[in-house]
Amino acid sequence: MRFEDQRRLLVQELRQQGIRDEAVLAAFSKVPRELYVLPQYKDYAYRNRPLPIGQEQTISQPLMVAIMLEHLELKPEDLVLEIGTGSGYECALLAEIAGEVCSVERLEELSLTAQGVLKEAGYKNIYFRIGDGAQGWLKAYPPHKEFDKIIVSAGARQIPTRLQEQLKLGGILVVPVGTCAYQILTKVIRTENGYSVSEHGACAFVPLISK
Ligand code: SAH
């Protein structure tokens, strides 16, 4: 089956699994996942499952990415920080929906590969940093100190303090929190008085490696 047809079926599956945000579904209809997987996995690109991307990391399961993006309540003008560029797939989905994306990856080789694919795809609204994303953006350009939305696509032991501090008022952070084996998808909203935290089911991500 052609990749376009497989992509359409994947979007149908996401709808059936309960994804309702039309902007999220439109982004999944647009971004070719086959560009972000290793050549030997292209035939599996539209299975609703994670796949290895090298260096013991994975491109996340499409349904999990869709759930996280839906929790972010993305708007076209949003400034988004992504921790864990990985393959660049989720980064492309974010760049389709939001205004600007800053993406941090600790493994240089993965970041450079993803940067290549995303540039080739023509995205002009993505900025990259190689380093520990748990510390936040920390780059002189673009000089952002706070974000509308922050998404962490690796499992953290606890809510990363530095990241919640980099949320704008009303901003949303989505992060898997727990052990190496499994985590709870956690949503943090910055409020006038601090932070409001809610939990949204179990998930399993590669660990967030940080000091
Ligand atoms: N969003 C990615 C998912 C990649 S898996 C995708 O769509 O493919 C999670 C990624 O987080 C891995 O590439 C891993 O190297 C990275 N990672 C782990 N700890 C990190 C940290 N402290 N800072 C930045 N990236 C980190």
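These legends describe close-up views of one predicted model.

Residues are numbered from 1 along each chain as its sequence is written. Because the model is predicted, local features need pLDDT of at least 70 and side-chain atom pairs count only at pLDDT 80 or more, while totals for chains, interfaces and linings use all residues; side-chain values use heavy atoms, without hydrogens or water.

**View 1. Helix H2 and its buried side.**
Helix H2 spans residues 22–30. Helices (H or I, at least four residues) and strands (E, at least two) are DSSP runs, numbered from the N terminus. Val24, Leu25, Ala27 and Phe28 of H2 are buried. They sit on the same side of H2, because they cover an arc of only 160° around the axis. That arc is taken from the directions from the helix axis to the C-beta atoms. Buried means under 20% relative accessible area, exposed means over 50%, and partly exposed lies in between (1.4 Å probe, protein chains only). The buried residues of H2 pack against helix H1 (3–16), helix H3 (62–71) and helix H4 (89–97). Contact here means heavy atoms within 4.5 Å. Asp21 caps the N-terminal end of H2. One of its side-chain oxygens lies 2.9 Å from the backbone nitrogen of Ala23.

**View 2. The largest nonpolar core.**
This core has 46 residues. A nonpolar core is a set of buried Ala, Val, Leu, Ile, Met, Phe, Trp, Tyr and Cys residues joined through side-chain atoms within 4.5 Å. Which members touch the most others? They are Phe28 and Leu69. At least two residues each come from H1, H2, strand S1 (51–54), H3, H4, helix H5 (108–120), strand S5 (126–130) and strand S7 (167–178). H4 gives the most, with 7 residues. Leu69 touches Val24, Phe28, Leu74, Leu93, Leu94 and Ile151, not counting residues up to four places away in sequence. Another core, of 16 residues, lies apart from the largest one. Among its members are Val104, Phe147, Ile150 and Leu173.

**View 3. The largest pocket.**
The volume of the largest pocket is about 490 Å³. On a 1 Å grid over the protein atoms alone, a pocket is an open set of points where a 1.4 Å probe fits, with protein on both sides within 12 Å along at least five of seven lines. Lining residues have an atom within 4 Å of a point. The lining of the largest pocket holds 35 residues. Gln57, Thr58, Ser153, Ala154 and Val206 lie nearest its centre. Strand S2 (57–59), H3, strand S3 (79–83), H4 and strand S4 (100–105) each give two or more residues to the lining. S2 gives the most, with 3 residues.

**View 4. Gly155 in its loop.**
Gly155 sits in the loop between strand S6 (147–152) and helix H6 (161–165). Is Gly155 buried or exposed? Gly155 counts as buried, because its relative accessibility is 7%. Leaving out residues up to four places away in sequence, Gly155 touches Pro176, Gln183, Phe205, Val206, Pro207 and Leu208. Gly84 is 71 residues from Gly155 along the chain, and their C-alpha atoms are separated by 10 Å.

Ser87 lies in the loop between S3 and H4. Its relative accessible area is 12%, so Ser87 is buried. The Ser87 side chain reaches the backbone nitrogen of Tyr89 at 3.1 Å. Ser87 also touches Tyr36, Ile53, Ile59 and Ala114, not counting residues up to four places away in sequence. Val117 lies in helix H5. Beyond its neighbours within four places in sequence, Val117 is in contact with Leu35 and Tyr36. Val117 and Leu107 are 10 residues apart in sequence, and 16 Å apart from C-alpha to C-alpha.

**View 5. Backbone details in two loops.**
Which residues does a cis peptide bond join? The pair is Tyr141 and Pro142, with omega of about -15°. Pro142 lies in the loop between S5 and S6. Gln55 is found in the loop between S1 and S2. Gln55 is not a glycine, yet its phi is positive, at about 55°. Its relative accessible area is 37%, so Gln55 is partly exposed. Glu56 lies in the loop between S1 and S2. Phi of Glu56 is also positive, near 60°. Glu56 counts as exposed, because its relative accessibility is 77%.

Conventions:
Polar contact = N/O pair within 3.5 Å; in protein donor to acceptor, adjacent residues only side chain to side chain. Points joined across faces, edges and corners; volume = space filled by probe spheres on them.
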